[in-house]
Structure formats: structure tokens, C-alpha cells
Amino acid sequence: MTRQRPLAVLALSLAALPFAMRVIGMTESLGTAIALFGLVGLGFNLLLGYTGLLPFGLGLFFGFVA
């Protein structure tokens with residue numbers, strides 16, 4: 001049975017994201033938005049999954065940026 005390494009896969013996909021966006025014809029700002037939404041989702045999963053607390057501060061800072 002093989003072990004999956006999700007953080008290594010995530011790091012490689014984020015490193016390849018700018019090049020892949022150019023190949024499929026999308027802008028680099030869209031790639032940045034995808035990466036930011038992914039990081040917000042990872043942070044939310046970390047806080048809610050391990051601690052069980054709803055991260056209001058995360059939404060506050062994300063709302064200020066928007």
C-alpha cells in the first residue's frame with residue numbers, strides 16, 4: 001500500500017501553478033486568486049478540524065482584503 005503525501009502534492013502543484021496557467025491560457029492573477037483561496041481553505045480546515053473553533057478572525061482579515 002502506498003502512502004499519500006498531501007502536503008508534498010500541494011507544494012508541487014502550487015509551484016507548477018504559474019506555468020500551468022500560462023499553458024491553458026488563463027491569467028496569472030487568476031492563479032494567485034486560486035492559491036489564496038486554497039490557503040484560506042487550508043487555514044480554516046486546520047482551525048476548525050483540530051481545535052473545533054470557528055475562526056472569526058480569518059474571515060475578518062479575508063473580508064478586509066476583499
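Residues are numbered from 1 along each chain as its sequence is written, and side-chain values use heavy atoms, without hydrogens and water. Because the model is predicted, local features need pLDDT of at least 70 and side-chain atom pairs count only at pLDDT 80 or more, whereas totals for chains, interfaces and linings use all residues.

The protein has three helices and zero strands; helices (H or I) are DSSP runs of at least four residues, and strands (E) of at least two, numbered from the N terminus. Of its 66 residues, 6% count as buried, that is, under 20% relative accessible area with a 1.4 Å probe, protein chains only.

Helix H1 covers residues 6-24 and helix H2 residues 28-51. Their axes, lines fitted to C-alpha atoms over the stretch in contact, lie 8 Å apart at an angle of about 160 degrees, on a scale from 0 to 180 degrees between N-to-C directions. H1 is therefore roughly antiparallel to H2, a term for angles over 145 degrees.

On the H1 side, the contact (heavy atoms within 4.5 Å) is made by Leu 10, Leu 14, Leu 17, Met 21 and Arg 22. H2 contributes Glu 28, Leu 30, Gly 31, Ile 34, Ala 35 and Leu 42.

Definitions and conventions:
Parallel < 35°, antiparallel > 145°, perpendicular 65-115°, else oblique. Buried < 20%, exposed > 50% of the residue type's maximum accessible area, 1.4 Å probe, protein only.
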